[in-house]
Each structure stands twice: as structure tokens, then as C-alpha cells.
Amino acid sequence: METASQLSMLLGLAWLTPLVAFVAILFFGPRMGQHGKNAAWVSTAAIVASLMLSLAAMGTWLAAHPVQGVVHAGHVGHAEDSHAESHEAQRPAAVHAPVAYSGDWYTLYQGGNLKLTIGWYIDALTVLMFVVVTCIATCIHIYAAGYMHDELHDVTDHEVHLAGGGDLHRPGRFSRFFQALSLFCFSMLGILIAGNLAMVFIFWELVGICSWFLIGFYYERTSASNAANKAFIVNRIGDFGMLIGLMALWGALGTLHFADSVERAPDGSMNVRQGLLSLVRPAEGGHALRVPDGMVKFAAAAAVAQISIDHADRPRDAASELASRLDDWRSMGMGRWLLFIAGIGIFCGCIGKSAQFPLFVWLPDAMEGPTPVSALVHSATMVAAGVYLVGRFFPVLTPDVLLVIAYVGAITLFIAATIALVATDIKRVLAYSTVSQLGYMMLALGVGGWVAGLFHLVTHAFFKSLLFLCSGSVIHACHTNDMRKMGGLAKKMPWTAGTMLVGCLAIIGAGVPFVIGLSGYYSKDAILAQALAFSQANPTHWILYAAVAGGALLTAFYMFRLWFLTFAGVPRDHHIAEHAHESPTVMVAPLVVLAVLAVVAGWTFPGGFGVANLLEQARPAGTAEATTGGFVFGGVTIPAEHESHVGPIHVTATLTAFATAAVGVLLAAVMYLWRFVSPVVVAYLFRPVYRFLAGRWYFDELYHAVFVVPVLGIASLASGTDRGVIDRIIDGIAWTARQLAGFDAWIDRTLVDGLVNATAHATWNAGLTLKQLQTGHLRQYVMFIVIGTVALFVLASLLFRCSLAG
Amino acid sequence: MIASMMLAAINWHSVLFLVFAGLACAFAVAVVVADNIVRMAFYLVLSLGSTAGLFFLAGAEFIGSMQLMIYVGGTLVLLVFGVMLTAQAPFISIKTSTNDRVLAGVVGAALLVVLLQAAFSVEAWRRPGVGEVANPSATPLGMALLGVRVDDPPAGTSPSLVRSGYLLPFEIVSVHLLVVLVGAAYLARAKRRRTPRGIETADVAASGGPR
Amino acid sequence: MNPLNPMHAPTVLASLFAVNLLSDPVSVTHYLVVGAILFTAGIVCMTVKRNALGVLMGIELVLNGANVNFVAFSSPYLQGEQTASIGLDGQAIALFVILLAAAEAAVALAITLNFYNNHSTVDIDQADDLKG
């Protein structure tokens with residue numbers, strides 16, 4: 001079987017298997033084992049099957065497209081000089097488009113220009129992401145099987161207080177959890193495999209819904225249901241921008257597919273429908289970014305119409321003149337705003353999904369969901385979908401859009417890191433850390449580091465999910481999220497402490513410079529290097545590099561603050577410390593697996609197999625070289641990513657990374673491990689700053705005041721109008737109708753019924769009266785006859801004057 | 001002289017009429033006035049007998065005979081039978097209340113006045129007639145009953161008028177009488193007699209009510 | 001006869017009347033008067049008598065009154081030439097009346113006897129079961 005169909009079959013099956021699990025648990029969940037216990041294994045089996053299929057797909061891919069050990073992300077066994085020549089050798093190849101397979105499984109709708117399909121676009125990035133997502137999902141499924149054991153029996157939820165007093169007592173929802181988890185896996189894999197933006201959008205929303213289900217798993221808690229609603233609504237705000245982007249693309253270009261598709265025209269010839277990637281970066285011109293014809297025509301619509309009017313009777317002349325004028329219009333700058341808006345629109349969706357500024361407020365609240373949810377959905381996968389889409393859509397993004405992305409990333413990075421400095425809930429710290437790291441990824445992509453950003457995505461997935469699972473283990477043992485009550489747990493929970501230490505070291509990018517490091521070391525290094533190269537190429541944007549470096553310092557500080565507060569020192573709450581215990585094996589095993597992955601994910605193995613090299617295979621066409629462009633913010637030069645791996649930039653970046661991380665860890669140790677400086681004193685000294693940070697920059701309050709309050713005002717106005725005016729009118733009409741009805745009833749009762757009754761009474765009384773005539777006395781009857789006769793006779797004789805005879 | 005003159009002037013027809021009419025009226029009134037049912041029956045017989053006389057005087061000899069034979073000799077005898085059958089002691093004289101009698105008297109008087117007024121109203125009836133019948137016989141009546149009219153039409157009757165016979169009524173009356181005979185016989189057959197309402201004899205009470 | 005002689009007054013009166021009544025022939029009116037008196041007597045008898053047989057007697061009187069009228073109208077003697085009597089028809093009607101009176105008396109008697117058998121009384125005032 002050829003590679004394309006094999007890959008599509010493998011990945012298609014991997015994608016659909018969790019759906020089967022979802023349907024199975026949907027119908028039979030509570031009946032699977034006692035209290036639905038086996039639902040976990042059904043779900044896990046499905047995701048393990050997906051993992052196997054993904055690994056098989058990876059194997060197929062590597063067999064067809066062996067990885068070349070060329071990219072400089074892994075420094076294992078490469079000398080400096082070999083970089084230059086291998087760099088040269090690589091250059092021509094990067095000009096070509098990456099190997100990608102695409103196709104359609106099922107056409108949902110085809111009408112006119114619009115063709116909506118369920119299809120695939122498989123390149124190295126897809127295969128890699130499949131493996132990463134299914135691997136992490138497997139670990140988390142196994143972990144959750146142990147973590148959620150509380151739901152196997154009736155639960156008393158102490159955070160829900162009933163109106164009549166007492167706490168909520170409800171049956172367990174074990175199978176429901178895995179049902180939602182399976183659906184989520186299906187949706188996430190759908191985004192990864194999607195071949196067109198419409199399919200991405202469908203599964204984008206599906207993932208949002210699954211997130212809503214999972215955050216609101218403990219839905220009786222007001223905080224949880226509010227958090228779920230907040231997540232969904234904030235995501236939808238981003239999706240609004242995404243829809244605008246989709247409309248711009250479809251309206252101007254007529255297609256939403258990434259890759260070209262070949263279809264058979266009615267006359268038998270093969271018709272090539274160009275996809276977005278080749279429309280924006282056509283092969284002729286070396287895949288340089290240019291405004292596509294459709295958008296130029298869209299922008300110059302008036303002139304186009306004029307041409308067709310001028311040549312109304314000769315359409316061929318019109319077409320040729322149109323073609324000749326197109327390049328003129330393009331050089332005038334027609335249609336570039338449309339491309340800019342398309343890019344910004346798609347990025348808006350990513351802002352919402354990946355919790356960037358200003359739509360990041362939902363992610364910390366999403367910690368209301370169970371910890372496995374936080375680990376899978378809100379650290380490793382769903383929030384990464386935004387970064388993934390930016391990566392997938394990278395060729396279509398103009399330098400202006402990329403600059404916007406970089407700045408948004410930088411702002412997000414900074415805000416989140418500062419809030420994490422003072423957060424006391426262990427999961428909140430990790431949540432803000434996630435937001436911050438996502439900002440890192442966006443920044444990396446924005447400054448042109450395609451491989452760097454996605455590399456960080458992969459490594460972050462591993463160590464963030466590891467950190468979350470460890471925190472879940474701690475919460476499970478201590479029954480509290482509050483770090484102020486923890487401390488000194490390292491002895492009681494050695495495995496958790498050790499794996500969490502690995503995770504912390506990974507996130508700060510610990511390692512021996514220029515030699516070896518954990519996974520975060522390599523990815524962070526790449527980001528720093530690219531940011532440095534960018535700020536050197538565009539000195540006006542130096543702040544991007546400062547943000548990255550400063551962020552690294554803050555990251556190191558708050559992560560080790562977390563570790564020291566939780567595991568080191570003296571226990572602050574003895575009750576908790578006494579009852580703390582290591583988690584069961586089913587929960588510890590995934591921690592270990594993820595810790596191992598967090599260590600090795602950045603390495604390039606012999607034969608060249610490594611994440612960075614794999615990603616290099618999927619590098620979008622035309623992005624290997626440095627490019628200059630942009631009109632909105634003045635010119636922007638995006639340096640080539642290769643350049644940042646050599647020479648002084650690389651050295652400076654590595655040393656900066658090491659230095660900032662070291663300083664951060666040292667500061668954290670000073671304040672939280674050795675207690676030389678008291679955090680309370682520092683907080684007091686910088687009171688306003690502390691309050692500002694502890695209040696989370698007051699974003700929630702700001703949004704509440706700016707958006708929620710006016711909407712509530714309008715709503716109360718509308719409801720007031722509805723109640724006061726409309727309801728009054730309706731009630732008035734009803735009252736009038738009732739009064740009329742009452743009047744009618746009175747008429748009916750008194751007059752009509754009265755008339756009828758009076759007639760009846762009169763008849764009755766007449767009958768009663770006349771009855772008295774019938775006395776039964778025969779003599780009386782005779783008397784009446786006689787009287788009647790006499791009377792008649794008298795009358796007749798009076799009235800008729802006629803003779804009686806003759 | 002005057003007597004013979006008077007005697008010669010006396011219209012014996014009128015005298016006899018007065019006698020019979022007086023008897024008839026007197027006895028009719030007597031029927032009304034009498035209380036005793038048996039006496040009432042007797043006075044009725046006399047009244048109807050006098051009426052028969054009136055009939056004879058009016059020239060309807062056959063009718064008068066039939067009156068005497070059928071009416072007086074049959075019907076009234078039947079009535080007398082009835083009287084005799086039901087003449088128990090309490091029933092012989094049942095008195096009516098005075099109110100009823102006064103009222104009846106007034107009504108009867110009014111009726112009488114009306115009738116008399118009618119009788120005296122037609123001038124033509126007050127003129128006495130002097131018609132003579134050539135051969136008074138019952139043949140015309142008998143023939144009429146058979147359906148053939150042989151009597152002279154009354155004066156003034158137009159000759160084109162067809163006068164019908166009385167055959168059909170004759171037959172109908174015959175059947176009618178038969179039916180009446182059968183019906184009366186059936187109606188008046190012997191049945192168990194019950195004690196009258198309100199009148200309880202001692203032995204009935206002792207035996208616990210009507211049997 | 002001396003009209004002023006009181007002993008002869010009745011005779012005179014009678015003769016005065018007799019001159020009219022005894023000497024003049026009788027007309028239909030005289031018969032109608034008799035018929036009326038009989039009829040009225042019969043009606044009053046029907047109204048007054050409580051004995052059922054008394055009522056029957058009243059009925060007989062009524063029928064007779066009617067018969068007298070019929071016979072008077074049919075009589076050739078009593079009518080003048082100006083008016084026509086109804087001739088034979090009157091006699092025939094009177095005959096039928098007699099026959100029907102007989103039939104009716106038989107039935108009425110049967111009813112009365114039935115009534116007497118059921119109620120042991122001939123007092124028709126006791127026959128008020130059909131009162132309203």
C-alpha cells in the first residue's frame with residue numbers, strides 16, 4: 001500500500017478509536033463493571049490503540065521519509081564546523097515544500113464554490129503530534145483511573161452546601177468522566193488531522209465543548225459551573241475572530257483546504273483546486289509569500305468590474321487583461337489588508353483557545369476541573385491546539401501578523417509569569433505557568449522560530465502534564481490545593497517529589513550548557529536564540545528578547561518556589577503532613593513515564609531521530625530563508641531559523657538561558673528554602689505590586705466592569721421593559737378580556753339564563769295553576785263544558801249578526 | 001154556550017201538547033230535584049214517556065213508538081237495573097253541597113236563557129204550521145233506512161238535490177250495537193269486589209287489610 | 001163568565017191564555033222551548049248529581065231534549081209553507097239518536113258497574129284519581 005493511503009488509514013483509525021470508546025461508554029457506561037469501573041479500561045484501551053496506531057504511522061513515515069540529522073537543535077556529537085557545510089547542503093532542500101499528504105474522506109457539502117469535507121493533511125508535524133497527544137493521553141488515562149476512584153461510590157461534596165443545610169450527597173460519575181475524556185481525545189486528534197479550516201473549526205468547537213464538560217465535571221459546585229461557562233464563552237469570543245478570518249479566506253479565495261486537491265472535472269480532465277498554502281506561497285517565486293490573486297481581485301473589485309464591462313462581448317480579452325493587471329494591483333498593495341485580516345482572524349481563535357492576552361482569564365478558573373483534566377486538556381493538548389494551528393497556518397501569516405503574534409505572546413508571557421509569582425494554589429501556579437509558556441510558544445512563532453515554537457510545544461506538553469499529575473498526586477494526598485498548608489512532603493512522597501523535580505528542571509531549561517540538558521533546555525534555547533536573532537535584525541523590537549529572558553528568570557523562580565513550598569522545609573500543617581502518603585502505583589507509574597519523556601524529548605538520537613529533526617521535515621515552504629516584509633508596522637525582518645543555531649547568537653542565547661534560570665532558582669532558594677529573606681517582608685515592602693499581582697492584575701474585575709455589567713444592565717433594562725411594559729400590556733389585555741368575560745357571564749347568567757329560567761318558571765307556574773283545573777271531579781268538567789258553550793254562544797250571537805235558520 | 005164556544009175553539013192538539021210538555025218538563029225537573037236515585041229513575045221514565053207523546057203529536061209516530069219501545073222500555077230499564085244493582089244504603093241518596101247546586105242552577109239558568117233566546121229568535125219558527133199529512137205511515141222512514149228515499153221532498157227543496165238514504169248509518173249502528181254489547185258484557189263481568197276507600201269493616205281490619 | 005168574578009178568575013185567565021194557547025196551533029218554538037227545558041234539566045242533573053247513575057239520567061235527558069228538537073224540525077204539522085221542514089231527515093236522526101243513546105247507556109252502565117266493583121261506591125266524587 002502506498003504511503004499516503006497507509007498513513008491516512010492508520011491515523012484515521014487512531015482518530016476514530018476514541019470515538020468508539022465514547023459511544024460505548026455513552027450507552028453502556030454505568031453497566032461496565034461495578035459502578036462503571038471498567039469504563040476507564042475501555043477508554044484507556046481505546047487511547048492505547050490510538051497510540052499504537054500513531055506509532056505505526058510514525059514508523060511508516062520514517063520508513064518513507066528518513067530523518068536527516070541536519071538541524072542544529074540537538075548538539076549530540078556534532079562539531080561546530082560541520083554545521084556550516086551541512087547547513088549549506090540543507091539550504092536548497094528547504095526551498096521546496098515539505099512532504100505532505102492530503103485527501104478527503106467524506107464530502108459534507110458541495111455547492112458552488114464551497115466544498116466542505118472531512119479530510120486529512122498529514123505531514124511530519126501531524127504524525128509527531130499524534131504520537132505526543134496519544135502518549136500523554138495514555139499516561140493520563142491510567143493516572144485518572146486511580147485518581148477518580150472517589151467517583152466509584154456515592155460522593156459527599158463538601159464544597160456544595162444545600163439550601164436546607166448539609167452537604168450535597170450524590171451518586172458517583174466515574175464512567176461519565178472517561179466518556180468525556182474519550183470524546184475529547186477524538187476531538188483533539190480531529191484538529192490535528194484536519195485537512196481544511198472548516199474541519200478544524202468543527203473540532204475546535206468540539207474540543208471547547210469537551211473542555212466545558214470536563215471543567216464542569218463537579219457541576220453542582222457554583223465555582224465549577226461558572227468556570228466551565230467562562231471557559232466556553234471566552235473561547236467563543238476568540239472564535240468570533242476566527243470566523244471573520246474564515247470568511248475572509250473563503251470569500252476571497254473560495255477554498256479552506258490547506259493543500260491542493262485534484263478532482264475530476266465533468267469533461268474528464270483533472271482539475272487542480274489550489275489550497276491555501278499554495279495560493280499564498282506559490283511554487284514559482286520560491287514559495288515567497290505574496291497576496292493571492294483572489295484577494296487582489298477582491299480588493300480591486302471596482303476595477304475588475306470595469307474591465308468586464310469594457311470587454312463585455314469578449315470574455316477572453318477580459319481575462320487576459322485581468323491577468324496582466326493583477327501584478328500591477330498586487331504591487332500597489334491591493335488585497336494585503338485582506339490577508340492581514342485573515343491572519344489576525346485565525347489568530348484570534350488561537351488567542352481564545354491558547355489563553356493568550358486578553359483572553360487568558362478562563363484558564364486559571366479551569367482548574368476547577370479534576371486534575372487529570374487540567375493535565376490533559378489545559379496544559380498539554382487543547383491549549384496547544386492554538387499554537388498548532390498557528391504552526392499549521394504559518395505560511396499564510398504575513399510578517400505583520402507574525403509581529404502581532406509575537407507581541408501578544410510577549411505580553412501574555414509577562415503577565416502570567418508575574419501572577420504566578422504570588423499565587424498560593426498549586427494548580428493556579430501551574431495554570432499561569434501554562435499561560436506563560438504558551439506565550440513563549442506564540443512569541444517563538446511570531447519571531448520566525450517555527451521549529452522552536454513547535455519544539456517547545458512538544459516538550460512543554462510532556463513536562464507540564466507531568467507537573468499537573470504530580471500536583472494532582474499532592475492534592476490527592478493532602479486534600480488541599482493550598483501551598484501554604486504544605487511543606488516537607490518530600491519524605492512522605494518521594495516519587496512524586498522526584499518526578500516533580502524533574503518537571504521543574506525541565507521547565508526552567510536546566511542542563512549543562514553546550515553539552516546536554518533536559519527537554520526544556522533545548523526548546524527554550526531555540527526560542528531564546530531566535531528571539532535574539534530577531535531583536536538583532538529588528539532593533540526596534542528589542543523588548544521581545546527582554547521579555548523572553550525575563551520570563552525565563554520568572555519561570556525559574558516561581559517553579560522552584562512551588563517545589564520548595566510543597567516538598568521542602570518544615571511542614572506548615574501537621575495534620576496534613578501526617579496523613580500525607582504516596583499515591584498508588586497506578587498513579588505513580590505515569591509520572592515516571594512522563595518524567596522520562598520530559599528528560600529525553602529534546603535529545604536527538606543516533607540516526608538523527610529527534611523531535612527537532614522531525615519538525616524540520618515539516619517546515620513550511622519558503623520559511624527557511626530570512627524574509628523582509630510587512631507594511632502595517634513598518635518593515636520587519638524575520639531571520640532564518642538556521643542562522644540562530646550558529647555562532648555568537650547561539651552562544652549568547654545559551655548563556656543567557658543558563659544565567660537567568662540559575663538566578664531564578666537561587667532567588668527561590670533564598671526566599672523559600674533557606675529562608676534568608678522572608679517572602680512576607682518582601683510582599684510587605686512592595687505592597688502595591690504584591691496586591692496588584694495577587695489580584696491577578698484585576699483582569700476579571702476589569703472585564704466584569706467593562707463587559708458584564710453593561711450587558712447585565714441592558715438585560716435588566718430589557719427584562720424590565722418586558723415585565724413593566726410588555727407584560728403590563730398583555731396583563732392589561734388579559735384583564736380587559738376577563739372583565740368582558742365577566743360582563744358576558746353576567747349577561748348570560750342574568751339575562752339569557754334569566755330569560756330561559758323565567759320562561760321555564762312561567763311555564764311551570766302556568767302548568768301548576770292550570771293543573772288545578774283538573775280536579776278529577778267529573779261534574780266540574782261538565783260545568784266547564786256548559787259554561788264554555790254558553791260563552792261561545794253569547795260571543796257568537798254578539799259578533800255575528802246572521803239569522804240562524806235560512 | 002161559552003163552554004161550547006170555547007170547546008169548539010179549543011185546539012185539542014195544543015191542549016194535548018201542553019199536557020205532554022208540562023209533564024215532560026215537570027218530571028225532568030223532578031229528576032233534577034229528587035235525591036233518591038230510585039225516584040229519579042221513575043221520574044225519568046215518566047218524563048221520557050211524555051216525550052214520546054210529544055213525538056206522536058208532532059207527527060213522528062214511528063219515532064214516538066221507538067222512543068217508548070227502545071228508550072223507555074230498553075235503555076231506561078237498563079238504567080233501572082243499574083240502579084237496583086248499586087242501590088246500597090249509603091248510595092241511594094247522595095246529597096250534593098248547596099254551593100254546587102246553586103252554581104249549577106245559575107249556569108243552567110244561563111244556558112236556558114241562551115237556548116230560549118235562540119228558540120225565539122227565528123221568526124219563521126213562531127208561525128204555526130197547518131200542514132197535513134196525506135197518509136201518515138212509517139214506510140218512507142223504513143225505505144229511507146234501506147237506502148231509498150220515497151218521501152216527498154220538503155217544500156222549497158231544489159229538484160236537482162239528491163237526497164241520500166240511511167243504509168250506511170243503519171249498518172254502522174247495527175255493528176256498533178253489537179260491539180257495545182260485547183264490550184259492555186266484558187266490562188261488567190264479575191270481578192272480586194273490594195271494600196270502598198276509607199270504609200273499613202271490622203273483619204277487614206282484623207284480617208290485616210284488604211285481601 | 002164574568003171576568004171580574006174572582007171565582008172565575010182562574011178560568012178567565014186560563015181562558016185568556018187558552019184563547020191564545022188552546023186555540024192557536026202549536027209552532028216549532030213551543031217544541032224548542034220544551035227541548036230547551038229538557039236539555040237544561042239534563043245538564044243540571046249531570047252537574048249536580050253525585051250518583052253515577054244520576055249522571056247517566058242527565059245524559060238521557062239531554063239526548064231527549066235534542067230528539068225533541070229534531071222531531072220538531074222534521075214535523076210537517078208545525079212548519080208553515082214559507083219554511084221547509086227537514087222532513088224525514090229529522091226523524092231518521094232522532095231514530096239514530098235513540099239507538100246510540102241505548103248503546104251509550106249500556107257502555108256507561110258497564111263502566112259504572114266496573115267502577116262500583118272496584119271502588120265499592122257509585123259516588124263520582126270519589127273518582128278523582130286523575131286529578132292533576
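View 1. A helix here is a DSSP run of H or I that is at least four residues long, and helices are numbered from the N terminus. Read that way, chain C of this predicted model goes α-α-α-α from its N terminus on. That makes four helices and zero strands for chain C. The chain has 132 residues, and 57% of them count as buried. If you take the contacts in chain C with a separation of 6 or more, 49% are between residues 24 or more positions apart.

**View 2. Where chain C meets chain B.** Chain C puts 83 residues into this contact, and chain B puts in 89. On the chain C side, the elements giving two or more residues are α1 (9-21), α2 (28-48), α3 (52-74) and α4 (88-119). Of these, α4(C) gives the most, with 25 residues. Sorted by class, the chain C side comes out at 51 nonpolar, 27 polar and five charged residues.

**View 3. Inside the largest nonpolar core.** This core has 249 residues, and the ones touching the most other members are L128(A), I136(A), L443(A), A598(A) and L615(A). Helix α4 of chain A (residues 124-147) supplies the largest share, 19 residues. Now zoom in on I136(A): setting aside neighbours within four places in sequence, its contacts are L376(A), A380(A), A461(A), F462(A) and S465(A).

Definitions and conventions. Residues are numbered from 1 along each chain as its sequence is written. Chains are lettered from A and ligands numbered from 1 in the order in which they are written. This is a predicted model: local features need pLDDT of at least 70, side-chain atom pairs count only at pLDDT 80 or more; totals for chains, interfaces and linings use all residues. A residue is buried if 20 or more other C-beta atoms lie within 10 Å of its own, exposed if 12 or fewer, and partly exposed in between; C-beta atoms are placed from the backbone. Two residues are in contact if their C-beta atoms, placed from the backbone, lie within 7 Å. A nonpolar core is a set of buried Ala, Val, Leu, Ile, Met, Phe, Trp, Tyr and Cys residues joined through C-beta atoms within 7 Å. Ala, Val, Leu, Ile, Met, Phe, Trp, Tyr, Cys and Pro count as nonpolar, Asp, Glu, Lys and Arg as charged, and the others, Gly among them, as polar.
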